[in-house]
Amino acid sequence: QVQLVESGGGSVQAGGSLRLSCAGAGNIYSRSCWGWFRQAPGKEREGVAAIYRRGGVTYSADSVKGRFTISQDNAENTVYLQMSSLKPEDTAMYYCAADPRPCYDIDYFVAGSYNYWGQGTQVTVSS
């Protein structure tokens, strides 16, 4: 079983930065794909970034490209989402997800592709 725990959410003014962390525990494969998703009230869950744990290849959605960066610390089995130049429309609950398959074998921005999820961390950006 795999457990994911997010942290680092909070409230920030527009233009500010936050770094989210996703710590993993359990039987996590080195070839796994990890993703960050967000969901605002009344909206569908949206994939914003993903990383293939073996080699660190990253993928970013157009909506956050140039502002959000996904990275990993293999020693800590943790994936990060560095968010900069935050906008009010970035306000959402942010979720970490993991799947034992490589990113190139799944639709990495589709929530249904992932087997494991964290509990979420709230990000609120005020104007």
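Which backbone nitrogen lies 2.9 Å from a polar atom of the side chain of Glu6? The backbone nitrogen of Gly120 does, and that of Cys96 lies 2.7 Å from a polar atom of the Glu6 side chain. A polar contact is a pair of N or O atoms within 3.5 Å; within protein, one must be able to donate a hydrogen and the other to accept it, and residues adjacent in sequence count only if both atoms are side-chain atoms.

The model is predicted: local features need pLDDT of at least 70, side-chain atom pairs count only at pLDDT 80 or more, and totals for chains, interfaces and linings use all residues. Residues are numbered from 1 along each chain as its sequence is written, and side-chain values use heavy atoms, with hydrogens and water left out.

**Glu6**

Glu6 sits in strand S1 (residues 2-7). Strands (E, at least two residues) are DSSP runs, numbered from the N terminus. Glu6 is buried but has no salt bridge, and Arg45, the nearest side chain of opposite charge, is 7.5 Å away. Here Lys and Arg count as positive and Asp and Glu as negative, while His and the chain ends are not counted. Buried means under 20% relative accessible area, exposed over 50%, and partly exposed in between (1.4 Å probe, protein chains only). Beyond its neighbours within four places in sequence, Glu6 is in contact (heavy atoms within 4.5 Å) with residues including Cys22, Trp36, Tyr94 and Cys96.

**Salt bridges**

A salt bridge is a side-chain nitrogen of Lys or Arg within 4 Å of a carboxyl oxygen of Asp or Glu. The count comes to five; the table gives some of them.

| Pair | Closest N to O | Relative accessibility |
|---|---|---|
| Asp90 and Arg38 | 2.8 Å | Asp90 1%, Arg38 8% |
| Asp62 and Lys65 | 3.4 Å | Asp62 67%, Lys65 52% |

Asp90 and Arg38 form a salt bridge. Asp90 lies in the loop between strand S8 (78-83) and strand S9 (92-99), and Arg38 in strand S4 (residues 33-39), so the pair ties together parts that are 52 residues apart in sequence. Both residues also belong to a network of salt bridges that links Arg38, Glu46, Arg67 and Asp90.

**Disulfides**

There are two disulfides (cysteine sulfur atoms within 2.5 Å) in the structure. The sulfur atoms of Cys22 and Cys96 are 2.0 Å apart. The torsion about their S-S bond is about -75°, so this disulfide is left-handed. It links Cys22 in strand S3 with Cys96 in strand S9, 74 residues apart. Both Cys22 and Cys96 are buried.

In the disulfide of Cys33 and Cys103 the sulfur atoms are 2.1 Å apart, and with 95° about the S-S bond the link is right-handed. Cys33 is in strand S4 and Cys103 in the loop between S9 and strand S10 (116-117), 70 residues apart. Numbered in sequence order, the bonded cysteines pair 1-3, 2-4.

**Nonpolar cores**

A nonpolar core is a set of buried Ala, Val, Leu, Ile, Met, Phe, Trp, Tyr and Cys residues joined through side-chain atoms within 4.5 Å. The largest has 26 residues, and those with the most contacts inside it are Trp34, Trp36, Leu81, Met83 and Tyr94. Strand S9 gives the largest share of this core, four residues. Another core, of nine residues, lies apart from it, and includes Ala50, Tyr59, Cys103 and Ile106.
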